[in-house]
Amino acid sequence: MTAADRLTDALYGLGWSTVKKLPEPVAVRLGTSVADLAWKQRGKGVQRLESNYARVLPDATPERLRELSRAGMRSYLRYWMESFRLPSWNEERIRTGFDVKDLHHLTDGLASGRGVILALPHLANWDLAGAWVTTELRTPFTTVAERLRPETLYDRFVAYREGLGMEVLPHSGGTAFGTLARRLRDGGLVCLVADRDLSASGVEVGFFGDTARMPAGPALLAQQTGAQLLPVTLWYDDTPVMKGRVHAPIEVPEAGDKAARTSVMTQALADAFATGIADHPEDWHMLQRLWLADLDPAKGPS
C-alpha cells in the first residue's frame, strides 16, 4: 500500500468513526464548508462536474455553470455526510429520511415473484435509498461494488453497505452476473447504479445530445431472468428528506436479437435517467468522464 493509499483509507476511516458522532446540524455545516473549499480550489473533479453539467444545460452561461457546480459539490458532500452517519441512524430516522413516489411499481413487481432490478444513476444518496428499502420494506437486496484502491478501502465500503442490509458483490471477478441472475430467479431484488460503464464494453446510448456508454447488465439480466427492470431517480430539496421516484417498468422488446433488445432497453434507461438529471442536475454526482467524446483526453479536460 502506498502512502497515498494509506492516507485515503485513514481519511475515510476518520469519516465513519468521527462524523457519525457529530450532531446533525454540525455535520451539515461541516459538509457545506468542505464542499465550498473544494469548489474554490477548482480541482479536476470540480472541472469535470462543471463540464458534465454543460452537456445537461448547453445554454447555461459560465456564471450559471459555476453556480451549479457549487451546488453540485454541496450535494455531493451531503451524500458523504449522510453516508458517514447512516450506520448510526435508527430505523425511524431511516424511514423518515426518504420519500418516494410511485412505489407501487416496486411493490407490485416484488409481489409478482418475478424478481426486480432497480437501476439508478449517481443521483443524491443511493445508499440511503437502499437502507430505506431494507428498513421500511423489509426487503434485502443484492448489489455490485466497484473495486477500490486500496483494498482496505473497498473492504470498508463492503462492510458499510452490508451493515445497511445489502449483499455486496465485487464488480470484477466475473461471477457477479451469475449470482445476480440467481437472486432474481428466486424472486429477489437487485439494485445497480447504472449510468457509467466500468467495463468499456457497455451499450452506446444517446444522452443529452451526444453518445455515452452505459452498462448492459440491467437489460441483460431482465432478458435472461424475466425480472422487471425499473429505473429510479433521486433528488434533494431544501428539506432533510431525500425524494425519489420509481419509474414504470422497461419492457423487453418483442423484436430483434439480444443485442438489439439490450440496446433499446439501455436507451430507455438512459432516457429515464436523463429526466431526473435534467430536473435536478446539481444532485448528479458525476465527477468522471462519461461521454465518448470526453474519453479521449485530447478532446476535453480531465
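Author: The score to know is pLDDT, the predictor's confidence in each residue, from 0 to 100. The mean pLDDT of the protein chain is 90, and 91% of its residues reach 70 or more. This is a predicted model, in which local features need pLDDT of at least 70 and side-chain atom pairs count only at pLDDT 80 or more, while totals for chains, interfaces and linings use all residues. Residues are numbered from 1 along each chain as its sequence is written, and side-chain values use heavy atoms, with hydrogens and water left out.

Reader: Where does pLDDT stay under 50?

Author: That happens over residues 298-302. The model has ten contacts for them beyond four places in sequence, a contact being heavy atoms within 4.5 Å.

Reader: Let us turn to α9. Which of its residues are buried?

Author: Helix α9 covers residues 176-185, and its buried residues are Ala 176, Thr 179, Leu 180, Ala 181 and Leu 184. Buried means under 20% relative accessible area, exposed over 50% and partly exposed in between, with a 1.4 Å probe and protein chains only. Helices (H or I, at least four residues) and strands (E, at least two) are DSSP runs, numbered from the N terminus.

Reader: And what do those buried residues pack against?

Author: They pack against the strands β2 (116-120), β3 (141-145), β4 (166-170) and β5 (189-193), and against α10 (217-225).

Reader: At what angle do α9 and α10 pack?

Author: The angle is about 50°, and the axes are 10 Å apart. Axes are lines fitted to C-alpha atoms, for helices over the stretch in contact, and angles run from 0 to 180 degrees between N-to-C directions. α9 is therefore oblique to α10; angles under 35 degrees count as roughly parallel, over 145 as roughly antiparallel, 65 to 115 as roughly perpendicular and the rest as oblique.

Reader: Which residues make that contact?

Author: α9 contributes Phe 177, Leu 180, Ala 181, Leu 184 and Arg 185, and α10 contributes Gly 217, Leu 220, Leu 221, Gln 224 and Thr 225.

Reader: What about Glu 82, buried or exposed?

Author: Glu 82, in helix α4 (residues 62-85), is buried, with a relative accessible area of 8%.
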